[in-house]
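Dear colleague,

I am passing on to you the structure that follows, together with some notes on what was found in it. Please read the notes with the structure open beside you.

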Amino acid sequence: MDVSKSWSRALSLGYGWEILPHPAHSPDLAPSDFHLFGPLKRHLGGMAFETEDDLISELRNWFDNLDVDFFRVGINSLLSRWQKFIDLHGDYAEK
């Protein structure tokens, strides 16, 4: 099973999250783009799953074992990223 094609469906099924449409190359600064999916991609890298249920189980395990500060750190780091976006007058440049 290709993880990259199944993660959003698995998150939606496993956690009841609604996946909202978002342009593939949008400059919007979504917290999930830089704080959630990078670590999740590294965690799942190289893994293969026989079934969608196996993937959902691994996702639940990963989320359940995140450090208590994981999301706090991600939200707090948005301030500097948003300020960079403002300073660049809407141009997006990740450096």
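**The aromatic residues**

W62 and F63 are both buried, where buried means under 20% relative accessible area, exposed means over 50%, and partly exposed lies in between (1.4 Å probe, protein chains only). Before going further, please keep in mind that this is a predicted model, in which local features need pLDDT of at least 70 and side-chain atom pairs count only at pLDDT 80 or more, while totals for chains, interfaces and linings use all residues. Residues are numbered from 1 along each chain as its sequence is written, and side-chain values use heavy atoms, with hydrogens and water left out.

A pair of aromatic rings is described by the distance of the centres and the angle of the planes. Here, rings of Phe, Tyr and Trp (its six-membered ring) pair if their centres lie within 6.5 Å, and planes under 30 degrees apart count as stacked, over 60 as edge-to-face and the rest as tilted. A search of the whole structure with this rule finds 3 aromatic pairs. In one of them, the ring centres of W62 and F63 are 5.1 Å apart and the planes stand at 80°, so the pair is edge-to-face. Another edge-to-face pair is formed by F70 and F71, with 5.0 Å from centre to centre and 90° between the planes. F70 counts as buried at 14% relative accessibility, whereas F71, at 44%, counts as partly exposed. W62, F63, F70 and F71 together form one aromatic cluster.

**Helix α3**

The protein has 5 helices and 0 strands, these being DSSP runs numbered from the N terminus (helices are H or I, at least four residues; strands are E, at least two). From the N terminus on, the order of the elements is α-α-α-α-α.

The buried residues of α3 are L55, I56, E58, L59, W62 and F63. They cover an arc of only 165° around the axis, which puts them on the same side of α3; the arc is that of the directions from the helix axis to the C-beta atoms. On the other side of α3, D53 and D64 are exposed. An α-helix has 3.6 residues a turn, so residues three or four places apart point the same way.

**The nonpolar core**

A nonpolar core is a set of buried Ala, Val, Leu, Ile, Met, Phe, Trp, Tyr and Cys residues joined through side-chain atoms within 4.5 Å. The largest one has 10 residues in all, namely L36, L40, L44, F49, L55, L59, W62, F63, L66 and F70. Helices α2 (31-44) and α3 each supply at least two residues of this core, and the largest share, 4 residues, comes from α3.

L36, which is found in helix α2, is buried with a relative accessible area of 8%. L36 and G74 are 38 residues apart in sequence, and their C-alpha atoms are 8.0 Å apart in space. F63, in helix α3, counts as buried at 11% relative accessibility, and the C-alpha atoms of F63 and L40, 23 residues apart along the chain, are separated by 9.1 Å.

**The whole protein**

Buried residues make up 24% of the 95 residues in the protein.

With kind regards
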